Structures are given as structure tokens and as C-alpha cells.
Amino acid sequence: MIIEMIDKKENIEKMLPFLEKNVTHGLVTVAEVSCLETDYIRKKEKELAEREQEEREQMQREQAGKN
């Protein structure tokens, strides 16, 4: 079984002590990678950010209506 985690270097480094202590029968590899961010990915990330902003604004309006 292979489990992959993709995150910022500092977040992965925070997990290493836990993994070192708890992975008793396995192998942990850490590697830096370069990723190609395509126009499609940029478009999807923008759409997601816009949707999240709309949700935050909706929650704020709902909270304001309760007060």
C-alpha cells in the first residue's frame, strides 16, 4: 500500500516526528517535486476561491440577520 501526502514543506516536516514514532512496519520517503500548474488548474482554483468567498459572505449575511 502506498499513501501519498502533498503539502507545503513546513507542514510535512511537522508530521515527521509523528511518523517516525508510529510507522513501525513501513517506509517513509520524502521528496520535493516540481508541478506544472496548467490553465485548467488555475481556472478551477479561481472558481473554488470565488465559491468559498460567496459562502463566507452568505454566512456573514445570515449571522447579521440573526442579530
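Me: How many salt bridges does a search of the whole structure find?

Reply: Start with the idea. Side chains of opposite charge can pair when their charged atoms come close. This is a predicted model. Here the search finds three salt bridges.

Me: Which residue forms a salt bridge with Lys 9?

Reply: Glu 32 does, with the closest N and O atoms 3.5 Å apart. Glu 32 sits in the loop between helix 1 (9-22) and helix 2 (39-66), and Lys 9 in helix 1, so the pair ties together parts 23 residues apart in sequence. Both Glu 32 and Lys 9 are exposed.

Me: Which residue pairs with Asp 39 in a salt bridge?

Reply: Arg 42, with the closest N and O atoms at 2.5 Å. Asp 39 and Arg 42 are three residues apart in helix 2, so about one helical turn separates them. Asp 39 is exposed at 58% relative accessible area. Arg 42, at 39%, counts as partly exposed.

Me: What about Lys 44: which residue forms its salt bridge?

Reply: Glu 47, with 3.5 Å between the closest N and O atoms. Both lie in helix 2, three residues apart, about one turn. Lys 44 is partly exposed at 36% relative accessibility. Glu 47 is partly exposed at 26%.

Me: Now pockets. What volume does the largest pocket have?

Reply: Rolling a probe the size of a water molecule over the atoms shows where empty space is left. The largest pocket here has a volume of about 920 Å³. Of its 23 lining residues, the closest to the centre are Glu 4, Met 5, Thr 29, Val 30 and Ala 31.

Me: How many residues of that lining are nonpolar, polar and charged?

Reply: The lining divides into 14 nonpolar, three polar and six charged residues.

How values were computed. Residues numbered from 1 in each chain as written. Predicted model: local features only at pLDDT ≥ 70, side-chain atom pairs only at ≥ 80, totals over all residues. Heavy atoms only, no water. 1 Å grid on protein atoms, 1.4 Å probe; cavity = no way out; pocket = protein on both sides within 12 Å on 5 of 7 lines; lining within 4 Å. Points joined across faces, edges and corners; volume = space filled by probe spheres on them. Nonpolar A, V, L, I, M, F, W, Y, C, P; charged D, E, K, R; others polar. Salt bridge = Lys/Arg side-chain N within 4 Å of Asp/Glu carboxyl O. Helix = DSSP H or I, 4+ residues; strand = E, 2+ residues; numbered from the N terminus. Buried < 20%, exposed > 50% of the residue type's maximum accessible area, 1.4 Å probe, protein only.
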